[in-house]
Amino acid sequence: MKNLINKTLVSSAGLEAIILRVPIGLILAAHGGQKLFAWFGGYGLEGTGQWMASVGLNPGLVMALLAGSAEFFGGVALIMGLLTRPAAIISAMTMLVALFWVHWGNGFFLDTHGIEYALALLSATVALIFIGGGQYSLDALIKTTRVETKDD
């Protein structure tokens, strides 16, 4: 179990992790806020749930709750660098569903609701799975605190 926790928290990345984490986290959290809370011109849970059901993601309300939560809470976690790898995994899975279920048949570019944007977010979240939160993250702080506490 200790080894799994260490692998989750440890990252040798420096500034590159925070440079990737923060904007991707902001984008995901904002999209999740649209789905969950109707922020930033979004439709909220009910409206998003109806739309998800209309594209075959049923039950729509549950799918909206799952996608919105993954994006919002995953995005916030990425911004803070808190459990970066698990947050990135959940976000990547959400983007994978969006890419294939929602955007796949619409071509490549964003102006036709194609895969371009979902692919970019998927790529960034997969990169974060591999590089982790980096030295400027809560993951690093937790890891340092755990090591210092263990040594005491």
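## A buried charged pair

Lys35 is buried, and Glu71 is buried as well, where buried means a relative accessible area under 20%, exposed means over 50%, and partly exposed covers what lies in between, as judged with a 1.4 Å probe and protein chains only. The side chains of these two residues, Lys35 and Glu71, meet in a salt bridge with a distance of 2.9 Å from N to O; the term stands for a side-chain nitrogen of Lys or Arg within 4 Å of a carboxyl oxygen of Asp or Glu. Because Lys35 lies in helix α2 and Glu71 in helix α4, the pair ties together parts that are 36 residues apart in sequence. By this rule the count comes to 1 salt bridge.

This is a predicted model, in which local features need pLDDT of at least 70 and side-chain atom pairs count only at pLDDT 80 or more, while totals for chains, interfaces and linings use all residues. Residues are numbered from 1 along each chain as its sequence is written, and side-chain values use heavy atoms, with hydrogens and water left out.

## The chain as a whole

The secondary structure of the chain comes to 7 helices and 0 strands, these being DSSP runs numbered from the N terminus, with helices (H or I) of at least four residues and strands (E) of at least two. Along its principal axes the C-alpha trace spans about 55 × 30 × 30 Å, and buried residues make up 38% of the 152 residues in the chain.

Among the contacts with a separation of 6 or more, 67% are between residues 24 or more positions apart, a contact being heavy atoms within 4.5 Å.

## Helix α6 and its buried side

Helix α6, residues 116-131, has 16 residues and reaches 23 Å from its first C-alpha to its last, close to the 22 Å expected at 1.5 Å a residue, where the expected span is 1.5 Å times one less than the number of residues. In α6, the residues Ala118, Leu121, Leu122, Ala124, Thr125 and Leu128 are buried. They cover an arc of only 165 degrees around the axis, which puts them on the same side of α6; the arc is that of the directions from the helix axis to the C-beta atoms. An α-helix has 3.6 residues a turn, so residues three or four places apart point the same way.

The buried residues of α6 pack against α2 (15-37), α4 (60-80) and α5 (84-103). Just after α6, Gly132 takes a positive phi of about 75 degrees.

## Aromatic rings

A search of the whole structure finds 7 aromatic pairs, where rings of Phe, Tyr and Trp (its six-membered ring) pair if their centres lie within 6.5 Å, and where planes under 30 degrees apart count as stacked, over 60 as edge-to-face and the rest as tilted. The rings of Phe100 and Trp104 have centres 4.9 Å apart and planes at 35 degrees, so this pair is tilted. The rings of Phe108 and Phe109 have centres 5.1 Å apart and planes at 85 degrees, so that pair is edge-to-face.

Phe108 counts as partly exposed at 40% relative accessibility, whereas Phe109 is exposed, with a relative accessible area of 52%. One aromatic cluster is formed by Phe37, Trp39, Phe40, Phe72 and Phe73.

His113 lies in the loop between α5 and α6, and at 54% relative accessibility His113 counts as exposed. Leaving aside its neighbours within four places in sequence, His113 is in contact with His103 and Asn106.
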